[in-house]
Amino acid sequence: MSDQDWGYTGENGPASWIEKFPEARGARQSPVDIATSRASNSGNVPPLTFRYSVHHPRSVVNPGYCWRVDENGYNSELRGGPLGSDVYKLQQWHCHWGAKNGEGSEHTVDGRSFSGELHLVHWNTSKYHSFAEAAGRPDGLAVLGVFLMAGSNHEELDKVVRLLPYIQHKGDKVTMSEALDPANLLPRGSAYWTYPGSLTTPPCTESVTWILLKQPVEVSAEQLALMRKLRCGEASCGEEAMELLHNYRPTLPLGNRELRDYGGH
Ligand SMILES: [Zn+2]
């Protein structure tokens, strides 16, 4: 029992999204496979810079298809790189994972999947007045993607993972008052790939400048296991509340979009 008309399994799975969300049929969809040999080198792109707020209350939410951390309007900025002179503000960040280690990332690199993918979602405050407005515009959103690899425990991410048992069901929400630096979620290496794409969840709006950091970060098998325990149903659904074992959309064709490579390998 669910009031959500899309999901990741069975008849509500990604193949069915195009029936209810026409934009999901478009030519600028995400995720894609990053064919590294196809990426054009863009050596003169200015570096990506971010300035993230550390000390403010955040909300950790189960919207029924992932865990998500809402920044609650506090000022955290991303600029530079492929974003021109516009300033983008961090709205929320969330995670995608798989039923087992070695799968779960949305983007793949030369056909290879990772165990998960973190998405830091920013919106263009230079051109738009709200996240909702920006989310519908071709240059409205910038998403930083971080590949997750099974390995050692990720301390900063653990501040969220520790709270997951309290947001087991759809609609659950807790406040995280502990300080957290989103910059600590990013790898040390600053190299990235970038291409124009879409949201990877319905309505799959084609409004995202994707910035995929090349270097994966490690999370432990225990941390991934706690993510898989989340449920996509409400507590009132009882035993029917479905497990959320995986929540990644399969890759779609890059088509004639330009994939740019910035930084080292
Ligand atoms: Zn995402």
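Visitor: Where is the place of P203?

Guide: In this predicted model, P203 sits in the loop between β12 (192-197) and β13 (208-213). Residues are numbered from 1 along each chain as its sequence is written. Because the model is predicted, local features need pLDDT of at least 70 and side-chain atom pairs count only at pLDDT 80 or more, while totals for chains, interfaces and linings use all residues.

Visitor: What makes a stretch a helix or a strand?

Guide: Both are DSSP runs, numbered from the N terminus: a helix is H or I over at least four residues, and a strand is E over at least two. By that rule the protein chain has four helices and 15 strands.

Visitor: Which omega value goes with calling the bond from P202 to P203 cis?

Guide: Omega is near 10° for that cis peptide bond. The bond from S30 to P31 is also cis, with omega near 0°. P31 lies in the loop between α1 (17-20) and β1 (33-34).

Visitor: Is D110 buried or exposed?

Guide: D110 has 10 other C-beta atoms within 10 Å, so D110 is exposed. D110 is in the loop between β8 (108-109) and β9 (116-124). Its phi is positive too, about 50°, and D110 is not a glycine.

Visitor: How much of the protein chain is buried?

Guide: Buried residues make up 40% of the 265 residues.

Visitor: What makes two strands a pair?

Guide: DSSP must find at least two bridges between them. β3 (residues 48-51) and β6 have four bridges and run antiparallel, with F50 opposite L78 in β6. β6 and β7 (residues 88-97) have two bridges, also antiparallel, and E77 stands opposite K89 in β7.

Visitor: Why does the radius of gyration of the protein chain agree with that of a compact globule?

Guide: The radius is taken over C-alpha atoms, and the globule rule is 2.2 Å times the number of residues to the power 0.38. For 265 residues a compact globule would have a radius near 18 Å; the protein chain has 17 Å, so the two agree. The C-alpha trace spans about 55 × 40 × 40 Å along its principal axes.

Definitions and conventions
A residue is buried if 20 or more other C-beta atoms lie within 10 Å of its own, exposed if 12 or fewer, and partly exposed in between; C-beta atoms are placed from the backbone.
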